[in-house]
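Please keep the sequence and the structure in view while reading.

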Amino acid sequence: MLDRQDGRWRLDEAMVDALEIGSGILGTGGGGNPYIGKLRVRQALRDGHVMEIIPLESVPDEARIVAMGGIGAPLVSHERIKEGREGLRCVRALEERLGIKVDAIACEEIGGQNSMEPLIAAAMAGLPVVDCDGMGRAFPEMQMTTYAIYGHRSTPSVMCDPHGNVVIFDHAISELWHERMARACVVSQGGASTLASAPMSGEFIKRYAIPHSYSKAISLGNAVLDARREHRDPVEAICESENGEVVFRGKIVDLKRHLAGGFVRGEAIIQGFDTYDGDQASIHIQNEFLIFSRNGEIEVIVPDLIVVLDADSGEAISTEMLRYGQRVAVLALPCHPLLRSPEALDVVGPKGFGFGDIAFKPMDTNDKKGAA
Amino acid sequence: MYRLGIDVGGTNTDAVIMQGRNVLSGVKASTTEDVTSGVREAMEAAISKADIDRSKITTVMIGTTHFTNAVIERRHVNPVAAIRLGLPATACLPPMVDWPDDLREAVGGHGYLVRGGYEFDGRELAALDLEEIDRIADDINAKRIGAVAITSVFGPINAQMEEEARKRLLTKCPDIPVVLSSEIGRIGLLERESAAVMNASLLQLSARTVEAFADALKSAGLHCPFFITQNDGTLMGAETVKRFPVLTFASGPTNSMRGAAFLTGVRDGIVVDIGGTTTDIGSLQHGFPRQAATVVDIGGVRTNFRMPDVFSIGLGGGSLVRQSGDQVTVGPQSVGYRITREARVFGGDTLTTTDIAVARGEAEVGDRARVADLDPALLEAARAEMTSMLERAIERTRLSPDPVPVIAVGGGSILMPEQIGDLKVMRPENFAVANAVGAAIAQISGEVDRIFSLEKGLTREICLKQAEDEAREKAIRSGAVAETIETIEREDVPLAYLPGNATRIHVKVVGEMGGHDA
């Protein structure tokens with residue numbers, strides 16, 4: 001079905017290096033370490049697998065696209081690395097359950113390790129990956145994709161673990177129920193599994209997927225690599241590439257972390273330096289960085305992106321890499337407009353994370369480059 | 001009351017005598033094959049130059065890049081059986097998958113994947129396959145592999161399976177040294193496993209080296225305790241180093257950077273430490289080495305130690321200069337401590353970077369006549385390659401366009417031009433022995449890392465305070481001055497699925513060793 005050659009491109013190892021950096025930044029503190037995923041992609045490329053990316057616009061309306069990603073705790077996937085064929089098993093089990101052939105794979109979440117999983121599964125299944133995703137960043141829960149927000153029902157879905165267990169979620173009465181059941185199941189499977197959800201039509205994803213996710217993450221990574229090579233500030237390069245803004249620079253003076261419902265929640269307190277001397281900032285965390293406040297005043301709110309970088313090298317710091325004494329720069333990047341609609345904000349706005357008393361306010365982009 | 005600081009590098013062994021903040025003497029000697037005689041020579045010279053009574057030396061601090069050099073040069077690393085307990089998980093990325101090919105070959109590339117390991121909540125991932133351990137033991141014996149590193153998935157939360165595997169292995173390989181990953185590092189399988197494998201590959205070298213240090217001190221009639229500096233610039237005992245040589249991996253750069261800051265008073269700058277074999281480049285921020293935020297690369301391998309952010313290149317005073325056709329290459333191989341025999345200016349027949357510097361009139365050591373015949377085009381090409389290597393490394397370390405000073409230290413700093421790009425180069429007095437000074441001012445640490453139960457009114461804040469107090473007490477007991485103690489690590493990680501609201505608290509404090517200002 002997908003026989004158009006134009007606009008397709010093949011991933012090479014240099015692009016994978018840039019993708020690692022770009023998706024690490026778009027992970028906004030969560031989404032898992034893309035390094036492990038990068039090694040797996042590289043291994044697959046070296047084993048002779050071909051990874052092809054197709055533009056979102058080129059997908060035929062009637063194509064069947066399966067979105068997939070890892071589900072579970074990022075920390076687990078640093079330690080209990082995957083067996084390797086979980087994604088492939090998901091695709092095959094879904095095809096068998098539905099009696100169909102899948103045409104292409106899509107990404108659920110471009111931020112973090114989940115940028116890599118679709119590439120590996122698609123390469124092993126001999127399928128292309130669509131240049132899009134469902135978040136444009138990382139979020140902690142599955143119903144937080146634009147796919148789910150704009151009406152896709154993700155069951156029947158398949159979850160696979162390293163042991164060879166295959167679980168089919170035949171029907172969930174809502175996306176929230178699917179998330180709840182999947183979350184319970186992933187804990188029993190050891191905290192890091194792979195999940196593929198029911199196929200979407202080409203027509204649907206062309207309207208509701210966040211476009212150009214892979215090409216954008218790769219060019220973001222290249223912006224950082226170029227800045228490093230040319231001795232420009234990588235933090236500024238990221239802001240330029242994404243129309244974002246540095247909101248704070250400081251040293252981490254306290255970290256509170258606790259587990260609640262399977263997620264690490266917490267708060268990082270940052271004492272300002274340079275032009276922020278005397279100011280104190282805080283970031284609320286639930287797997288990702290969610291809310292940034294300065295001196296008690298809220299300034300940046302999810303789904304806008306809050307990115308924490310090493311103040312000097314510009315390297316992205318994940319929530320579990322945060323340490324006392326670290327010197328960091330905090331960046332705010334505007335999210336895609338598909339995440340700012342009222343129906344999206346119900347799910348991925350502050351309300352969706354238990355901050356019912358906070359109303360979403362788009363970050364001030366100063367209109368430096370026109371509308372975000 | 002005096003302190004003796006010694007730095008054993010690949011090429012030179014330096015010694016300083018310090019009293020309070022004063023450097024009474026600093027000398028360089030050559031590192032010798034047996035280590036002992038070089039240490040002996042340097043320290044005797046330092047003692048006689050300072051003209052002090054050796055019985056008044058209260059502490060000896062030794063810093064060494066011996067183990068790092070071994071990894072970088074791929075020398076003295078012994079083959080290791082890297083056994084991972086984790087199947088069916090982790091199969092897609094075998095041990096050492098992200099290592100440079102030559103280092104993987106140097107340690108033999110023996111990776112074994114075995115069923116076993118734990119899940120995050122402490123359940124078994126798979127039962128440990130003891131019969132597979134037996135088969136691996138046979139293979140180890142057949143291939144005469146000399147050391148083993150065992151890494152279990154989630155070993156840091158439960159070391160039992162690693163211990164069981166070691167016990168089983170020792171029944172067939174009775175005397176083989178076995179390193180367990182849980183003794184070395186934190187969560188993060190590949191980084192911890194790599195550190196364990198490198199540690200195992202260095203055990204023979206570390207046993208020999210620590211013995212050599214002890215012999216040198218004993219034969220000089222020094223009976224005071226001796227310590228070795230570790231990655232974070234604090235001290236550890238000799239027995240610990242024997243078992244965990246990787247804990248010294250970054251001690252060289254830490255010492256030279258702290259020494260350079262101490263000697264120049266510069267608090268923000270770039271320190272370039274050129275030794276005989278390698279050059280280490282790092283940033284000073286507020287007088288301390290800038291810590292790496294993420295992972296640290298040693299000889300091309302990622303590790304997750306907490307270390308200064310230092311970038312190493314294979315360029316030193318003893319680096320080999322080779323010409324093939326139009327191509328001139330410099331390093332990473334080095335004649336190391338054999339420079340005084342093998343370099344051309346010293347009568348040898350190996351062309352080194354030092355020969356290039358002497359031939360170009362940039363340095364005055366050895367006999368310049370012996371390099372008079374060198375082709376000017378070769379000199380030019382080698383000089384250009386050395387400068388470009390240094391420039392690239394400094395630019396990589398440089399954090400801003402601000403013209404910060406570059407402090408050149410180390411015996412090989414004759415290779416450093418006066419100006420590098422737009423940055424001015426400083427050479428402090430005693431620049432050649434900055435590492436030994438850094439060792440002599442090394443700090444004492446106190447550490448607490450255990451599980452606290454937040455019950456019966458105990459809050460997180462009370463427990464953190466309690467841990468900090470305990471760590472301070474430990475540091476003071478080890479000799480730290482109370483007023484100088486500061487907290488450098490303070491971490492609490494809640495543990496899931498354990499009764500009693502358990503949280504793991506890790507606190508580390510450091511302080512100056514007593515007697516510095518005496």
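Two residues are taken to be in contact if their C-beta atoms, placed from the backbone, lie within 7 Å. The model is a predicted one, in which local features need pLDDT of at least 70, side-chain atom pairs count only at pLDDT 80 or more, and totals for chains, interfaces and linings use all residues. Residues are numbered from 1 along each chain as its sequence is written, and chains are lettered from A and ligands numbered from 1 in the order in which they are written.

Chain A consists of domain 1 (9-213) and domain 2 (236-353), with bounds that come from an automatic or database domain assignment. The centres of these two domains of chain A, taken over C-alpha atoms, are 25 Å apart. Between them, 22 residues of domain 1 of chain A are in contact with 25 residues of domain 2 of chain A. On the domain 1 side, helices H1 (13-26), H3 (74-79), H6 (146-149) and H7 (175-188) of chain A each contribute at least two residues; helices (H or I, at least four residues) and strands (E, at least two) are DSSP runs, numbered from the N terminus. That side of domain 1 of chain A comprises 11 nonpolar, 9 polar and 2 charged residues, where Ala, Val, Leu, Ile, Met, Phe, Trp, Tyr, Cys and Pro count as nonpolar, Asp, Glu, Lys and Arg as charged, and the others, Gly among them, as polar.

Chain A also meets chain B: 32 residues of chain A are in contact with 29 residues of chain B. Helix H2 (34-46), H3 and strand S12 (245-260) of chain A each supply at least two residues of the side that touches chain B, and H3(A) gives the most, with 4 residues. By class, this side of chain A has 10 nonpolar, 12 polar and 10 charged residues.

Chain B is divided into domain 1 (77-201), domain 2 (313-432) and domain 3 (443-511). A distance of 31 Å separates the centres of domain 1 and domain 3 of chain B, taken over C-alpha atoms.

Within chain B, the axes of helix H1 (residues 36-50) and helix H7 (residues 203-219) come within 8 Å and cross at roughly 40°. H1(B) is therefore oblique to H7(B). Here, axes are lines fitted to C-alpha atoms, for helices over the stretch in contact, and angles run from 0 to 180 degrees between N-to-C directions; angles under 35 degrees count as roughly parallel, over 145 as roughly antiparallel, 65 to 115 as roughly perpendicular and the rest as oblique. At this contact, B:Thr36, B:Val39 and B:Arg40 in H1(B) meet B:Ala212, B:Phe213, B:Asp215, B:Ala216 and B:Ser219 in H7(B).
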